[in-house]
Amino acid sequence: MKRTIAALLVLGLPIGATPLAAKRLPPSPLEGVWKTDCRPIGKNGRHGFITRLEVKGRALTATTQIYAHNTCDTATVGTAYRGEIVRTAIAADGAIDFDHVVLAVTMTADAPDVVTTYNANDTSGCGMGGGWQIGVPRGVEGRYCAPFTFPAVGVQLYERAWVAGDDLRIGSFPAVWNNTSPDKRPMTPGTMVFHRLTSRRET
């Protein structure tokens, strides 16, 4: 008992207090793993893609996998994003404003025809002048990879999200990457719906 009291005094806590680390804090509504359904993309919606998003504390990671067909059965190219959430706030309509800083953006070619195209076409190949290989991710921060121009490392993006039960909509991500100032924060939900797979919520 004496040792317990002494430990509390050393920590600067009054007797009977609980250290902050032991207190359960409410998790962010964004916490957890989210995933879209297979969605059409490309000319006449002939291709497909799936985006998976994870929010864990301040860490934001996401992957978008593009497929050869709109049934999402043959992987062709993937994009991975890693960022740090630096601010969150509740907007007037109950939406969640969150700002995140770019840490890394990579692309990976998953099919031989993609490698051939990227190595032959500098626009599709992110201006790298070749060097693409199957399954080898390459950093594309700050590069134009048709049809997107990805932000550079360290750029802060201003985002807004809407959570309704186990569904999440995001204003810009991952279709728009130019929301680099507060005035470009999206005001309406995007068309993509993310479904909650897992959560860090404790019961």
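Thr79 has a relative accessible area of 18%, and because residues under 20% count as buried, Thr79 is classed as buried. The model in which this residue is seen is a predicted one. Thr79 has its place in strand β5, which runs over residues 75-90.

Apart from neighbours within four places in sequence, the residues in contact with Thr79 are Ala62, Thr63, Thr64, Val105, Thr106, Met107 and Phe150. One of these partners, Met107, has contacts of its own beyond four places in sequence, among them Val77, Gly78, Tyr118, Trp132 and Val140, as well as Thr79.

## The largest nonpolar core

The largest nonpolar core is made up of 34 residues, and those with the most contacts inside it are Leu53, Tyr81, Met107, Trp132, Val140 and Leu168. At least two residues of this core come from each of β3 (47-56), β4 (59-67), β5, β6 (96-109), α2 (112-120), β10 (156-164) and β11 (167-170). Strand β6 supplies the largest share, which is six residues.

In helix α2 the buried residues are Val114, Val115 and Tyr118. Because they cover an arc of only 100° around the axis, they lie on the same side of α2. The exposed residues Pro112, Asp113, Thr116 and Ala120 are carried by the face of α2 that is turned away from its buried side, while β5 and β6 are included in what covers the buried residues of the helix.

Tyr118, which is found in α2, is buried, with a relative accessible area of 12%. When residues up to four places away in sequence are not counted, Tyr118 touches Val77, Met107, Ser124, Gly125 and Trp132. Tyr118 and Gly130 are 12 residues apart in sequence, and their C-alpha atoms are 6.7 Å apart in space.

## The largest pocket

The largest pocket has a volume of about 950 Å³. It is lined by 39 residues, of which Ile41, Ile66, Val77, Pro147 and Phe148 are the closest to its centre. Val77 is also one of the residues that Tyr118 touches.

The lining takes at least two residues from each of β2 (39-41), β3, β4, β5, β6 and α2. By residue type, the lining divides into 25 nonpolar, 12 polar and two charged residues.

How values were computed. Residues numbered from 1 in each chain as written. Predicted model: local features only at pLDDT ≥ 70, side-chain atom pairs only at ≥ 80, totals over all residues. Heavy atoms only, no water. Helix = DSSP H or I, 4+ residues; strand = E, 2+ residues; numbered from the N terminus. Buried < 20%, exposed > 50% of the residue type's maximum accessible area, 1.4 Å probe, protein only. Contact = heavy atoms within 4.5 Å. Core = buried A, V, L, I, M, F, W, Y, C linked by side-chain atoms within 4.5 Å. Arc of directions from axis to C-beta. 1 Å grid on protein atoms, 1.4 Å probe; cavity = no way out; pocket = protein on both sides within 12 Å on 5 of 7 lines; lining within 4 Å. Points joined across faces, edges and corners; volume = space filled by probe spheres on them. Nonpolar A, V, L, I, M, F, W, Y, C, P; charged D, E, K, R; others polar.
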